[in-house]
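Hello,

Here is the structure for you to look through. My notes follow below it.

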Amino acid sequence: MSVLLAACRLQVAFARRVPAQLMVLVTTPLVASIFLSLALHAGRRDLVVNAVVAPAMIGLWFVSLDLAGGMIDGERWGGTLELLVAAPAPLALVVFGRTLAIVAVGTLTFAESWLVAWLLFGVPLRLAHPGAFLLAVAATAFAMAGTATLLSAAFVQSRSAAMLQNSMSYPFYILGGVMVPVALLPGWLHPLSSVVFLSWSGELLRASFAPAPVTGLAGKLAAILLLGGLALVAGLLLVSRVVDRVRRQGTGSYA
Amino acid sequence: MSQSLRILRHAAAQGLAEFRLVYTWKTWLSGWLLRLLTQVTFFALIGQLLGSQAEMRYIVVGNAVALITLEAMVVIASSAWERQQGTLPLLVAAPAGHVPVYLGRGVQWLVTGMVSSATALALLPFLLGVPLPWPRALAAFPMLALVGVTSYCLGCFLASLVLRLLALQWLVLNLGYLVPMTIGGVNVPVAFWPAWVQAVANVLPLTHGLRAIRLLLAGMPAGAVWSELVAEAAVGACWLLLAVVSLNRLAEHGRRDGSIEFAG
């Protein structure tokens with residue numbers, strides 16, 4: 001636990017030093033404006049919820065992917081990977097703690113999106129089930145951090161990390177039903193969507209704004225946590241393999 | 001003039017070499033191009049959700065054209081990389097100066113942007129069931145190139161600002177395409193926005209060029225199309241002028257306060 005907290009503190013210090021890491025807090029209001037303008041121009045007030053939830057989920061995914069893409073290589077370039085590998089604290093936990101911190105800050109995008117709808121478009125949204133919403137956000141943040149841990153290890157093994165990172169955005173926004181519900185996608189995509197945790201998160205987050213009771217809350221939360229947990233376990237194992245390889249081959253630094 | 005063109009050509013060749021370092025044809029097609037096509041598809045699906053074919057076609061065309069603006073903005077990152085290489089003092093001291101080099105530093109993204117945008121415009125409306133009126137739509141492709149050039153001019157101006165504050169390169173790059181994409185008539189008509197937002201949209205690249213393409217596809221008279229194209233070209237020329245002035249000021253200030261360091 002102390003390693004996780006230290007990693008979180010480290011990431012917050014990084015973000016304060018390099019505010020560009022939190023760029024998503026600047027871009028989310030614009031993305032929210034795009035979705036809200038689409039819904040309101042078409043006279044579809046029923047889609048305002050989608051237009052508020054989608055930019056926040058996109059923001060979270062973006063910030064996780066952005067961090068995951070360069071974290072281990074960043075340590076290598078900075079000359080600190082050797083020290084991290086030699087330290088008693090497992091690198092995998094440091095990676096998870098850092099992503100958890102940035103994802104936690106990234107959840108502010110939900111508030112931003114909601115404020116854009118209210119202040120710029122004059123459509124305040126009432127959160128009908130705050131408890132379900134908070135649980136969904138917490139589970140989503142955990143799954144994001146788990147997925148980012150897996151990706152950070154996968155990216156560092158790839159020769160085209162930046163390309164992979166770039167190509168993992170919109171296909172996942174479609175499969176995850178972040179704006180357009182999965183039910184409207186072609187049937188052959190449904191099985192794929194069900195293993196993308198975003199699809200369960202999106203459904204739950206949107207349902208928490210509707211006056212009707214949230215159905216299947218426990219099952220959907222379990223699905224998000226299970227998928228995030230599996231990604232985290234795979235990520236921890238993969239990061240350990242990266243550490244082993246760095247130790248064996250002496251590739252901890254570029255110097 | 002011929003010297004500037006020669007430098008621009010060399011800067012472009014350097015850019016193409018840089019492109020080959022980042023991508024192979026295979027990774028570009030299966031990674032980047034596919035990502036851009038899914039981006040347009042994502043917005044098209046929103047059009048489908050909104051429930052009208054006309055809405056969907058409007059969104060597909062707008063987002064396909066906007067891809068070239070997105071890629072043109074990568075000149076901001078390329079210029080920042082050039083600055084980080086520490087070449088600015090050498091370029092400023094050279095007889096031709098640094099301006100042509102920086103203006104040519106990202107033309108490779110203009111070329112790839114043209115290919116991405118044209119591919120999206122040619123393929124996606126057909127695949128998504130909202131076909132374009134061929135052969136009239138063929139005239140949209142040269143217009144795409146104009147939108148690319150005007151977007152590139154704005155990108156060069158933004159790059160000239162980023163050269164003073166390199167840490168902001170990715171933020172400015174993202175804002176550089178997200179703002180035109182939000183208010184420039186890509187997803188909803190410019191008239192949807194308040195008057196002051198419309199005024200901003202009208203001095204940004206993409207807005208008039210995209211409107212010209214929409215008028216062409218709707219079979220409107222050539223005069224209306226041409227007046228939008230002229231407006232788009234004028235917007236681009238203004239941003240180019242501002243980029244040149246700003247790049248020159250960067251060197252002047254640097255000479256005065258010693259901020260043109262050898263390293264980035």
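A residue is called buried under 20% relative accessible area, exposed over 50%, and partly exposed in between (1.4 Å probe, protein chains only). By that cut-off, buried residues make up 54% of the 255 residues in chain A.

Some ground rules. This is a predicted model, where local features need pLDDT of at least 70 and side-chain atom pairs count only at pLDDT 80 or more, while totals for chains, interfaces and linings use all residues. Residues are numbered from 1 along each chain as its sequence is written, chains are lettered from A and ligands numbered from 1 in the order in which they are written, and side-chain values use heavy atoms, without hydrogens and water.

**Chain A**

Chain A has 12 helices and zero strands (DSSP runs: H or I of at least four residues for helices, E of at least two for strands, numbered from the N terminus). Its radius of gyration is 19 Å, close to the 18 Å of the globule rule for 255 residues, so chain A is as compact as a globular protein of that length. That radius is taken over C-alpha atoms, and the rule is 2.2 Å times the number of residues to the power 0.38. The C-alpha atoms fill a box of roughly 60 × 35 × 35 Å along the principal axes.

**B:Gln108**

B:Gln108 sits in helix α7 (residues 107–127) of chain B. At 1% relative accessibility, B:Gln108 counts as buried. Leaving out residues up to four places away in sequence, B:Gln108 touches B:Gly15, B:Leu16, B:Glu18, B:Phe19 and B:Ser78 (contact means heavy atoms within 4.5 Å). B:Ala11 is 97 residues from B:Gln108 in sequence, yet 9.7 Å away in space, C-alpha to C-alpha.

Best wishes
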